[in-house]
Amino acid sequence: MKPAAMHTQLFRKGSLAAIALATVTVAAWKAPERTLSAAPAKAEAPIAATAAAPAAPVASYAPVVERVMPAVVTIRVEKRAEAVPTSGQSPEDDLLRRFFGQGMPQMPRGRQPRGIERGLGSGVIVSQDGYILTNNHVVDGASEVKVEIPDSRTFTAKVVGTDPASDLAVVKIDARSLPTLTLGDSDHVKVGDVVLAVGNPLGVGETVTSGIISAKGRTTDVGDGSYQDFLQTDAPINHGNSGGALVNANGELIGINSQILTPTDGNIGLGFAIPSNMARNVMDQLIKNGTVRRAKLGVTVQRITADLASSLGLPSATGALVSNVEDGSPAAHAGIKQGDVITEYAGKAVADSNQLRNEVSSTTPGSTVSLKVFRDGRTETMQAKLGELATKRERSESSSDNRGEGRFGMSVQTLTPDLAEQAGVPRGTRGVIVMDLDPSGIAADSGIREGDVIEKVDGKALSSADDLKSALDRKDGKPSLLVVNRRGTDIFLTLRAE
């Protein structure tokens, strides 16, 4: 299968609708049996050295499963469904476009109500008094959240806090003396470690599957995408596993299952879990404050290729190349410049740009950190006092467009290099990015999504949020024609004031 034919998919809250698609067949997957060949009774010829005998296979994971499964719950949600496009598209088409169709053009002309949408996911009990860790996309926008625990009790849950940037959320049920899972140290997980995935796939009931850690530090192109450091596993997971537990052979929680990579809508052995150390940091902040604070360095960084390493005189293709430094940022005050390569952050070697982004985000705002920077063939040490990254809503509220584009149900901000990277659009793209969207507003009805970059209106290029406001102030009653960059692909949409 060519990489272009593969799609990474979130186990979304509306995943049951996708299961009902007549064109999608979900195959039942079974983990391949693993066998060990017995060593020969006698070597046929002398050998110089004898390899160590393989460890005896584990006879059963039942003791681990018995400890883990009582702490993994099923989460059922209800939300008011988004309006159905009336331009010939079916709800299933809209769902597939949302999850699979990066850049697929759509121009809905009108919408009609759909009623209630139901979704299914899993969660992990992390405290005896009822705090449960799950995925943001499981509970995002839910009007009602029900939690079913393995002893057959059902509770109405309260959403304590959500963090779209990491795709994590915490909900709370009113219960006591609940079984819990111990959070392990995901930094110590190794490729090849045996893991078990626990959840409620496809609504069949609590299920456990086994596999190994296939890779670490993975990123995908689905979801908010801001902070990703996935553990990749071949333990079979499917719709409904989202938010469930990935545990090690000791029964410690090392990940929260979140995404799969698949061309078939079913598991093919490419699953992704949010590491427990990232989950711990986000969870603690959500429980304490209801939101997540992240530090800000103020640089745009990119991955270093072998050719870049050669051109820059680096000994290896590691580190994070600084492509832009924000004026007045902590990085600028520290002396970091465009073209620098950050090789170490807070005493830890930087492997790539994604790792640096995650390290900065997990640092407390206001902290002073030491950085090692490679510049002109030598390494320099710098100190940076980190600022605080504004939340999406704070950035939206501070944007100048909030004065006038509320009539379309969206707020926008002038595109910056940092925002362009998060939106997945090419460097140098100009326009405004949609920061917040009213799902019942005109912009949403017209097919605009959060994260879209509006480049042109009626052929006129945009440079700021004020340009958009002026361009949309039409007096002839005709719809405006927009050129929208969606994760690197231009599409046309129309927007009509009502």
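**Close-up views of a predicted model**

At 6% relative accessibility, Phe272 counts as buried (under 20% relative accessible area, with over 50% exposed and partly exposed in between; 1.4 Å probe, protein chains only). This is a predicted model, in which local features need pLDDT of at least 70 and side-chain atom pairs count only at pLDDT 80 or more, while totals for chains, interfaces and linings use all residues. Residues are numbered from 1 along each chain as its sequence is written, and side-chain values use heavy atoms, with hydrogens and water left out.

**View 1. The aromatic pair of Phe230 and Phe272.** The count comes to one aromatic pair, where rings of Phe, Tyr and Trp (its six-membered ring) pair if their centres lie within 6.5 Å. The ring centres of Phe230 and Phe272 are 5.9 Å apart and the planes stand at 55 degrees, so the pair is tilted; planes under 30 degrees apart would count as stacked and over 60 as edge-to-face. Phe230 belongs to strand S13 (residues 230-233) and Phe272 to strand S16 (residues 271-275), so that the pair links distant parts of the chain, 42 residues apart. Phe230, with 5% relative accessibility, is also buried.

**View 2. An open sheet of seven strands.** The strand order is S8-S7-S2-S5-S6-S10-S9, with antiparallel pairing. Strands (E, at least two residues) and helices (H or I, at least four) are DSSP runs numbered from the N terminus, and two strands pair if DSSP finds at least two bridges between them. Strands S8 (154-156) and S9 (158-163) are at the edges with a single partner strand each, so one side of each has no neighbour in the sheet. On average, neighbouring strands are turned by 30 degrees against each other, direction ignored.

View 3. Thr162 has Ala169 in S10 as its bridge partner.

**View 4. Helix H5 on the sheet.** Helix H5 (residues 276-289) touches strand S6 (131-134), S9 and S10, a contact being heavy atoms within 4.5 Å. The direction of H5 makes about 45 degrees with that of S10; axes are lines fitted to C-alpha atoms, for helices over the stretch in contact, and angles run from 0 to 180 degrees between N-to-C directions. Gln285 lies in H5 and is buried at 14% relative accessibility. Leaving aside residues up to four places away in sequence, Gln285 touches Gly290, Thr291, Val292 and Arg293.
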